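Let's take a friendly walk through this structure, one stop at a time. Keep the picture open beside the text as you read.

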Amino acid sequence: GLQVMLPDPDDTWLHPDLTQECVTQAEALVGHLDAFPGLITGEVQENLIGLLAWAGWYLNEISDLSRATPLLERTLADLERVLGADHPHTLTSRHNLAGAYESAGRLGEAIPMYERTHADRERVLGADHPRRWPRGTTWNVLGQ
């Protein structure tokens, strides 16, 4: 998939030019996807959503919230449409968006989103599931 193009999440800081170029390309893809709805499906679509999720995560990590938030919102909407609201990847995406809202001081949106995500993860995965809480944010932002 597209993840082979990206620096390892622990190494993004070692490759700032490559990382920024990948983010720029991911942002450009959003416009192309909107121009041709329904053209990309299946595994390619999921890989593209994963790339957008990664770009949103990275931008949130560097506090570029004006660019991160729209990508994370887009990722969540796409995952809800493609995988459904209860899919673990969707729940992780919602958690990541809540984190961006929190970072931006939008606590009125972040707190209810965190609460809903926690309740949904517990309902979907079970109270004792080791992955009830999302793992750290990496390329694997979709919780794989």
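**Rings and a neighbouring helix**

Start with tryptophan 54, which is buried, with a relative accessible area of 0%. Bear in mind as you look that this is a predicted model.

Tyrosine 58 is buried too, at a relative accessible area of 5%. Both residues sit in helix 2, which covers residues 42-61. They are four residues apart there, so about one helical turn separates them.

Now look at the rings themselves. A pair of aromatic rings is described by the distance of the centres and the angle of the planes. Together with Trp57, Trp54 and Tyr58 form one aromatic cluster.

From here, move along to helix 3, made of the 18 residues 65-82. How far does helix 3 reach from its first C-alpha to its last? The span is 25 Å, close to the 26 Å expected at 1.5 Å a residue.

Several residues of helix 3 are buried, including Leu65, Ala68, Leu72, Leu76 and Leu79. The buried set also includes Arg74 and Asp78. What do the buried residues of helix 3 pack against? Their partners are helix 1 (16-35), helix 2 and helix 4 (88-103).

Our last stop is glycine 84, which follows helix 3 and has a positive phi, near 100°.

Technical notes
Residues are numbered from 1 along each chain as its sequence is written. This is a predicted model: local features need pLDDT of at least 70, side-chain atom pairs count only at pLDDT 80 or more; totals for chains, interfaces and linings use all residues. Side-chain values use heavy atoms; hydrogens and water are left out. Helices (H or I, at least four residues) and strands (E, at least two) are DSSP runs, numbered from the N terminus. Buried means under 20% relative accessible area, exposed over 50%, partly exposed in between (1.4 Å probe, protein chains only). Rings of Phe, Tyr and Trp (its six-membered ring) pair if their centres lie within 6.5 Å; planes under 30 degrees apart count as stacked, over 60 as edge-to-face and the rest as tilted. The expected span of a helix is 1.5 Å times one less than its number of residues. Contact means heavy atoms within 4.5 Å.
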